[in-house]
Every structure is written in C-alpha cells, then in structure tokens.
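Me: I am new to this structure and would like to learn how to read its features, one after another. Could we begin with charges and rings?

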Amino acid sequence: MSTHHTVYRDQPLFDAYEQQVAQDWLPIEIMQLSAGQYRGHYREMGNDDVRIVLEQQNQIVHKRAIIEQDFCTVSFARSANNQVRVSEYDGFENSLFFLPANVEVDIQAGVDVETIYFRFEQSALLESARAINPQHWEMAAECVMLFSEVNRQPLEVFTDYLCELSAMDSNHLLREQQKNMNSSVMEYVLLALDSSLLLDGQTSDVLSRRRATISVRQAINYIHAKLESHTCPTILDICKDLYISQRNLQYNFKKVVGVTPNAYLYRLRLNRVRSQLLCPVDISVTVTQVASEWHFWHLGRFSNDYLQLFGELPSTTLRRAFN
C-alpha cells in the first residue's frame with residue numbers, strides 16, 4: 001500500500017462531538033456521559049499504512065465504532081486509575097488491547113484517561129506477529145483480545161518521542177521518515193505484545209461480561225434505529241422487542257456502561273442535540289426546533305439538563321456555532 005498520504009494533527013477539544021469528527025477515517029460515535037464542561041486534546045500522526053492517535057478528555061465518554069475493513073488497532077490507556085473498558089474487558093496497568101478488522105467495539109474512557117491507538121494494515125501486522133509468536137496468533141483474529149503483563153515502557157517512551165519530534169517539524173518527519181516510522185512503530189508494538197500474556201477470554205467473569213456487553217449493544221443499536229426513524233423508544237419498547245426483562249436490562253447497563261438505560265437514552269438525546277447545535281444547517285435553526293426533533297417537549301427542563309451535562313445553555317452553544 002502507498003504511504004504518500006501523510007497526517008499530522010494536534011488540536012484542543014471543547015466537545016465530545018469534536019473528538020468524534022477528528023477521527024473522520026473511522027465510523028465512530030462519541031458521547032459525553034459525565035456532567036461538566038468538556039475539555040480534551042487530540043493528536044494524530046502517520047500515513048496510509050500506520051497511524052497513531054492520542055486522545056484525552058476531562059469527562060467520561062462512551063465510544064461506539066466499527067473497526068475498518070483490512071485494518072486493526074492496538075491500544076492502551078494511561079491514567080492514575082486505569083478507568084477504561086473496551087467491550088467486555090476492563091483495562092489495567094500494563095495491558096494492551098487488540099481490536100481486529102470489522103469488529104464492532106464500544107469503549108468507555110474515564111476522566112483524564114489518555115487513550116493511545118496504533119492503526120495497522122491487519123494482514124501486515126499479523127504476518128509479522130505470527131512469525132514472532134505463532135502461539136498467540138494461531139487462531140483467526142475475530143474478536144477483541146486483551147494482553148496482560150506487558151512490558152509497555154519502551155513503546156510508551158517511543159510514542160512520546162514521536163509526538164515530540166512531530167511537533168517540532170511535522171512536515172519533514174512525515175515526508176522524509178515515514179517508512180522508517182512505519183517499521184519502527186510496528187516493531188515496538190510487536191515486541192510489547194510478545195512480552196505479554198494473552199488473557200483467557202473464556203473465564204466465567206469474561207463470558208458474563210461479554211453477554212452483558214452484547215445485550216447492551218443490541219439495546220443501543222435498537223435505540224439508535226428508533227431515533228433515526230424519529231421515534232423515541234421507551235424501556236418497555238426495548239424489553240418487549242428485544243425479549244429481555246427490565247431487571248436484566250437495568251443490570252446489564254449498570255454493569256457495562258455504569259448508568260441505567262433511561263439515563264443513557266436521555267444523555268444520548270442531549271448529545272444528539274448538542275452535535276446538531278454545533279453544526280446548524282443554516283442560520284434559521286433554533287434551539288426549540290432541534291430540541292423538538294430529539295423529543296424534548298419541556299423546554300425549561302431540557303435547558304436545565306443540558307446546562308448540567310455540558311456546562312452551558314443550548315442557546316450559548318448555538319450562538320457560538322453561528323459566530
């Protein structure tokens with residue numbers, strides 16, 4: 001594959017929607033879950049073959065994505081408390097996630113968690129990985145995998161070095177050294193994976209978490225489909241159409257996302273309003289119009305809840321977008 005297309009981006013973030021839009025090469029939705037004014041940072045560097053993304057935010061966010069066809073991602077998180085979850089797995093100190101091509105994943109990152117992603121062409125990465133350690137990779141890569149007890153320090157130091165070098169002279173680095181960067185990044189990632197242990201994905205705890213994750217994913221997909229058809233589903237609708245009891249639905253959402261399904265649905269709608277206010281289709285757009293489109297009928301309560309979640313009134317968001 002050609003490596004002529006280079007990328008370097010370093011930008012502050014003021015909204016989860018901006019964090020989503022920055023990753024325009026990936027089908028992804030990011031919503032803010034915790035209450036407060038959002039602040040974050042997004043850095044991206046690389047080319048068509050290899051890409052490195054570093055992102056951090058001061059709020060809890062929930063990300064839903066489908067990994068691109070023919071590409072895979074290796075990821076880790078840096079934080080004081082390791083509050084990150086990738087699908088059915090919780091991250092912990094010195095762990096690495098492998099996200100294969102075409103897999104639907106959901107990621108929840110806690111406050112001030114820095115998440116680092118390495119994107120590779122999957123066939124190239126797996127060919128090299130199987131040459132180094134056939135046992136880890138003898139099976140087809142079809143689901144999220146978690147590696148523990150990783151010697152991650154060399155990879156982290158190298159990643160920070162690349163960031164510093166890119167910031168000093170991004171054009172020169174990406175134009176003249178991208179081929180060397182590609183092979184070096186892959187080597188550091190492969191050596192980190194080779195130093196690790198593959199976590200057993202068939203333990204009772206992982207299987208229980210996987211069942212809950214699948215259930216929540218089905219419910220969220222159902223919610224999205226209903227909202228796209230201009231219908232606001234109720235918990236009764238979800239339980240009835242997905243053949244799940246309210247008790248199990250509540251348990252699964254609390255276990256996986258940390259909030260009730262009602263709270264998730266309400267915050268999702270608030271996030272949808274915000275993304276629409278940030279990108280109004282024309283100057284005639286009003287807060288009332290957008291709020292009604294997402295099934296908010298009590299505008300006073302809606303404005304207060306919007307203020308509590310995002311730290312500003314919806315009218316302020318819209319005015320900022322127009323300016």
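Reply: A charge sits over a ring if NZ of Lys or CZ of Arg is within 6 Å of the ring centre and within 35 degrees of the ring normal. In this model, which is predicted, the charged end of R119 is placed over the ring of F71, at 3.9 Å from its centre, and R269 lies over the face of F296, 4.2 Å from the ring centre.

Me: How many aromatic pairs are there, and how is such a pair described?

Reply: A pair of aromatic rings is described by the distance of the centres and the angle of the planes. Here the count comes to 9 aromatic pairs. One of them joins Y266 and F296 edge-to-face, with 5.4 Å from centre to centre and 85° between the planes. Because Y266 lies in helix α9 and F296 in the loop between α10 and α11, this pair ties together parts that are 30 residues apart in sequence. F296 is buried, with a relative accessible area of 4%, and Y266 and F296 form one aromatic cluster with F302, Y306 and F310.

Me: Where does H295 lie, and is H295 buried or exposed?

Reply: H295 is found in the loop between α10 (287–293) and α11 (299–310), and at 15% relative accessibility it counts as buried. Its phi is near 70°, a positive value in a residue other than glycine.

Me: How many disulfides does a search of the whole structure find?

Reply: A disulfide is a covalent bond between the sulfur atoms of two cysteines. The search finds 0 disulfides. For C163, the closest cysteine sulfur, in C72, is 19 Å from its own sulfur, which is too far for a bond.

Note on methods: Residues numbered from 1 in each chain as written. Predicted model: local features only at pLDDT ≥ 70, side-chain atom pairs only at ≥ 80, totals over all residues. Heavy atoms only, no water. Helix = DSSP H or I, 4+ residues; strand = E, 2+ residues; numbered from the N terminus. Buried < 20%, exposed > 50% of the residue type's maximum accessible area, 1.4 Å probe, protein only. Disulfide = S-S within 2.5 Å. Phe/Tyr/Trp six-rings, centres within 6.5 Å; stacked < 30°, edge-to-face > 60°.
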